[in-house]
Amino acid sequence: MGPDELANGLAELSVQHRRRKRMVMQVAQGALAECEGQPCLNFAANDYLGLAGHPVLVDACIAGARRWGVGSGASALVSGYYDAHCQAERELAAFVGRDAALLFTSGYAANQSVLGSLLGRGDAVFGDRLNHASLNDGCLLSRATFRRFRHNDLDHLASLLEATPARTRLIAVDAVYSMDGDEAPLADLLGLARRYDAWLYVDDAHGFGLLGEGHGSACASGLADDRLIYMATLGKAAGVSGAFVAGGGELIEWLVNTARDYIYTTAAPPMLAEAVRASLRLIAGESWRRDRVFAHVRRLGAALAVGEFEHPPSRMPIQPLIIGNSEQTSSLSERLRAQGIWVPAIRPPTVAEGRARLRISLSAAHDDDMVSRLIAALGDGGHGTAGDRDDVGPGSG
Ligand SMILES: *Cc1c(COP(=O)(O)O)cnc(C)c1O
């Protein structure tokens with residue numbers, strides 16, 4: 001893409017209904033948002049437990065900033081590793097039942113780092129076809145031979161493992177698939193990893209905080225093994241930012257010494273580590289948040305199951321509604337937004353061609369009435385005959 005080609009490139013994206021634009025948020029984190037000046041219900045965020053704006057997290061940040069300052073000042077290996085990080089890592093490791101944990105600035109960085117640290121030319125990495133883009137990028141950048149297996153197809157994976165001559169092998173999966181909300185069979189995958197002497201790398205961006213009483217997908221399946229590498233992000237259910245990798249002590253020590261996205265980046269602010277510590281206490285202590293979001297999931301799932309569009313079953317707060325073509329998906333999303341309901345349209349290349357969808361994200365921040373409004377609006381295709389929109393938003397009533 002040369003400097004003269006950008007205008008055409010952008011026009012081409014518009015023609016394909018693939019041009020993205022960012023919404024400027026004008027109100028604080030929560031169930032109510034504002035889209036282009038209009039109040040709306042936010043069914044777009046991954047703040048599944050409603051913690052991102054929680055006053056306890058805000059206070060932890062403020063107290064952390066007062067105590068440690070704002071910036072960390074350097075990478076963790078130089079002078080950016082504070083007691084707040086150290087304590088957060090200990091607490092995270094204990095929380096997911098592993099020996100040690102390491103904080104990263106993002107899940108994207110963690111995925112690049114871990115795969116790059118363990119794999120190189122001549123090794124082999126096997127990824128589920130529906131893995132998140134950050135995991136695919138990590139697999140590609142690792143320089144290992146990268147093979148993708150059919151979604152959740154363990155026979156296909158086993159045949160690839162059987163055939164590989166590589167000495168170091170790694171299986172990489174999302175624990176909960178980010179666009180469908182379905183789950184990976186982790187226990188069976190760990191069985192294959194043992195049989196073929198491979199690592200199992202689990203990206204639990206959408207399970208941490210929710211499954212296993214909040215302790216995550218691996219805990220929910222009762223899995224602990226030094227060949228299982230657990231990664232979870234802290235910007236979704238945990239409501240903060242960043243990510244962590246948990247596993248055996250030697251693995252974490254190896255990452256500290258070799259993970260490029262750990263070594264060559266400024267450490268996250270210590271105040272965020274304090275917010276993470278506060279978040280862990282809320283995840284453990286406020287189980288009503290999980291009860292509430294899962295109650296919304298069951299209600300919406302039942303409504304979508306009898307609706308006009310394909311709804312692959314999901315027991316997670318990610319509820320997909322497959323429309324098919326990008327243009328129809330975008331216009332449904334826009335009609336909903338005109339009614340004060342924000343549900344993002346997810347289009348190729350994020351999902352496969354012909355599988356454009358609405359991705360509805362539920363949260364403990366939503367109340368029953370909000371979910372009722374969503375169900376009513378979806379029920380009439382977003383045409384706005386299901387009810388008035390006057391009761392949305394902070395300025396109403
Ligand atoms: C969001 C997400 C990531 C990236 O995490 P960030 O902390 O946002 O960089 C990685 N994997 C999956 C499955 C995700 O959904």
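The following dialogue works through how to read several features of this predicted model.

Biologist: Which conventions apply to the numbering and to the confidence of the model?

Modeller: Residues are numbered from 1 along each chain as its sequence is written, and side-chain values use heavy atoms, with hydrogens and water left out. This is a predicted model, in which local features need pLDDT of at least 70 and side-chain atom pairs count only at pLDDT 80 or more, while totals for chains, interfaces and linings use all residues.

Biologist: Which residues touch the most other members of the largest nonpolar core?

Modeller: A nonpolar core is a set of buried Ala, Val, Leu, Ile, Met, Phe, Trp, Tyr and Cys residues joined through side-chain atoms within 4.5 Å, where buried means under 20% relative accessible area, exposed means over 50%, and partly exposed lies in between (1.4 Å probe, protein chains only). Here the largest such core has 86 residues, and Ile 171, Val 173, Phe 208 and Phe 244 touch the most other members. Helix H11 (residues 270-285) supplies the largest share of this core, eight residues; helices (H or I, at least four residues) and strands (E, at least two) are DSSP runs, numbered from the N terminus. At least three residues of this core come from each of domain 1 (21-49 + 287-391) and domain 2 (55-285), with bounds taken from an automatic or database domain assignment. Another core, of 28 residues, lies apart from it and includes Leu 115, Leu 135, Cys 139 and Ala 243.

Biologist: Which residues come nearest to the ligand?

Modeller: A residue is near a molecule or strand if one of its heavy atoms lies within 4 Å of it. In this model there are 14 residues around the ligand, of which Gly 107, Tyr 108, Asp 203, His 206 and Lys 236 come nearest. Helix H4 (residues 107-118) gives the most to this shell, with three residues. By class, the shell divides into two nonpolar, nine polar and three charged residues, given that Ala, Val, Leu, Ile, Met, Phe, Trp, Tyr, Cys and Pro count as nonpolar, Asp, Glu, Lys and Arg as charged, and the others, Gly among them, as polar.

Biologist: What should I look for in the backbone angles?

Modeller: Most residues other than glycine have a negative phi, and most peptide bonds are trans. Glu 36, in the loop between strand S1 (32-35) and strand S2 (38-42), has a positive phi near 50 degrees, and Glu 36 is exposed, with a relative accessible area of 55%. Glu 213, in the loop between strand S7 (198-203) and helix H8 (217-220), has a positive phi near 55 degrees, and counts as exposed at 57% relative accessibility. The peptide bond from Pro 348 to Pro 349 is cis, with omega near 10 degrees, and Pro 349 is found in the loop between strand S12 (345-346) and strand S13 (356-361).

Biologist: Is Leu 255 buried or exposed?

Modeller: Leu 255, in helix H9 (residues 249-258), counts as buried, because its relative accessibility is 0%.
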